[in-house]
Amino acid sequence: MPYALQIAASWSWRLIVTAVVAWGISKILGSISLIVVSIMVAALLAGLLSPVVFVLRKYGLWPGLATAITEIGFIAIVIGLLTLVGQQMISGFNQLSDQAMEGYRQLIALLNDLPINIGAGQLDQVLSDGLNTLKDNADKVLTGVANVGLTASNFATGLVICLFTLIFFLMEGEKIWLFIVGMFPRAARRAVNGAGRRGWKSMVNYTRVQVFVAFIDAVGIGLAAFFLGVPLAFPLGVLVFLSSFIPVVGALASGAIAVLLALVANGPVNALIMLGMVLLVQQVESNILQPLVMGKAVSLHPLAVIVAVASGSILFGITGALFSVPLLAMLNTVVRYLAARGWENDDEIRSEEFLYPHEVERRKNKAIHEKMKEHMKRNRKSESETNTEKVAQ
């Protein structure tokens with residue numbers, strides 16, 4: 001048997017076993033994807049909000065109270081922004097509807113001036129055919145509406161799981177991690193602890209930098225839309241901010257929407273100017289902000305980012321596009337850390353939960369109080385037993 005064939009066979013059966021195990025894990029995770037995605041979103045939010053909790057704890061608040069203030073404040077800010085965006089979108093769409101009707105009239109007039117017979121009659125026929133098709137496929141439409149209702153129900157369930165999980169990640173995240181580390185063999189715990197902490201730090205750094213970059217994109221494109229007179233400038237900025245968390249694809253989608261709004265509202269010249277501003281903001285972000293800021297957070301080649309986003313989108317849809325780059329950044333850091341045996345000289349690895357001095361003192365006082373209560377309870381029990389023996393005698 002040639003040596004090269006032996007090596008190839010050894011690699012082949014091991015890769016087959018690995019692929020089968022990976023397939024099985026993906027099937028299991030797919031059946032509980034709602035829970036997995038909710039926990040992953042909670043982890044990202046915990047990375048963003050944990051500094052607020054630590055600041056509140058530093059000034060003497062209990063971890064539970066600091067977590068409650070942080071999460072309730074975050075929910076209030078999100079609801080306030082969505083309410084403001086919704087109000088502006090409603091008023092803006094009223095204006096856009098009039099402009100869209102005017103654009104429709106101009107289109108009809110343009111078509112009527114063409115040498116070929118394409119005019120309002122043909123468009124009305126297309127609309128009539130569309131309505132007839134809708135009537136003929138009413139059952140499919142109802143099924144689609146039911147699926148939308150099911151999706152909304154799943155979203156509500158996932159939101160509850162995410163917020164509930166976020167409470168414990170913010171309040172006892174490090175304690176949970178140390179519990180997981182304790183499940184590994186004793187000889188591997190330090191390596192796992194150090195690699196996990198470095199991977200978490202890398203993912204959190206990526207997420208925080210992405211928030212900063214998304215904010216710059218939103219401000220740039222939103223201000224450009226405002227000064228160009230494009231309606232819905234503020235909701236457009238919020239849309240750019242949210243879509244920026246999906247690398248490459250999100251920027252293209254939000255930029256296209258901005259240009260389309262300018263085209264419908266103000267015409268082709270304004271749309272071309274808006275396109276130029278979108279390209280300018282995105283070039284500044286990709287060529288200046290990303291190398292300067294993102295390069296310090298994670299070391300990922302742009303090609304790796306594009307391949308990760310494309311692969312995640314194909315395999316898992318929008319969820320894969322959202323989480324592919326943070327997970328790749330985390331995996332990259334963990335592999336580099338383990339390959340370099342970084343845990344051997346890592347002084348930042350903690351085997352106990354981080355506590356501020358006043359929290360350590362508070363826990364000591366609580367432990368003393370619990371011991372005193374237990375001691376008093378035993379004394380009362382002993383006195384009760386003594387009195388019972390005396391009565392019996």
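Student: Which residues line the largest cavity?
Tutor: The model is predicted. In this model, the largest cavity is lined by D217, I221, V240, S244, A251, S254 and Q282.

Student: What's its volume?
Tutor: The largest cavity comes to about 30 Å³.

Student: How many cavities of 30 Å³ or more does the count give?
Tutor: One.

Student: What about the lining by class: how many nonpolar, polar and charged?
Tutor: Three nonpolar, three polar and one charged residues make up the lining of the largest cavity.

Student: Which helices each supply at least two residues of that lining?
Tutor: α6 and α8 do, with α8 spanning 249-266.

Student: Switching to packing. What angle do α6 and α7 make, and how far apart are the axes?
Tutor: Helix α6 covers residues 189-227 and helix α7 covers 233-243. They pack at about 155°, and the axes lie 8 Å apart. So α6 runs roughly antiparallel to α7, since angles over 145 degrees count that way.

Student: Is the crossing left-handed or right-handed?
Tutor: α6 and α7 cross in a right-handed sense.

Student: Which residues make the contact?
Tutor: From α6, the contact uses V211, A214, F215, D217, A218, I221, G222, A225 and F226. From α7, A233, L236, G237, V240 and F241 take part.

Student: And how does that contact split by class?
Tutor: The contact of α6 with α7 has 11 nonpolar residues, two polar and one charged.

Student: Back to the cavity. Where do D217, I221 and V240 come in?
Tutor: D217, I221 and V240 are among the residues lining the largest cavity. D217 and I221 of α6 and V240 of α7 are also among the contact residues of the helix pair.

Methods
Residues are numbered from 1 along each chain as its sequence is written. This is a predicted model: local features need pLDDT of at least 70, side-chain atom pairs count only at pLDDT 80 or more; totals for chains, interfaces and linings use all residues. Side-chain values use heavy atoms; hydrogens and water are left out. Axes are lines fitted to C-alpha atoms, for helices over the stretch in contact, and angles run from 0 to 180 degrees between N-to-C directions. Helices (H or I, at least four residues) and strands (E, at least two) are DSSP runs, numbered from the N terminus. Angles under 35 degrees count as roughly parallel, over 145 as roughly antiparallel, 65 to 115 as roughly perpendicular and the rest as oblique. A crossing is left-handed if the near helix is turned anticlockwise from the far one by less than a right angle, and right-handed if clockwise. Contact means heavy atoms within 4.5 Å. Ala, Val, Leu, Ile, Met, Phe, Trp, Tyr, Cys and Pro count as nonpolar, Asp, Glu, Lys and Arg as charged, and the others, Gly among them, as polar. On a 1 Å grid over the protein atoms alone, a cavity is a set of points where a 1.4 Å probe fits but cannot get out, and a pocket is an open set with protein on both sides within 12 Å along at least five of seven lines; lining residues have an atom within 4 Å of a point. Grid points are joined across faces, edges and corners, and a volume is the space filled by probe spheres set on the points.
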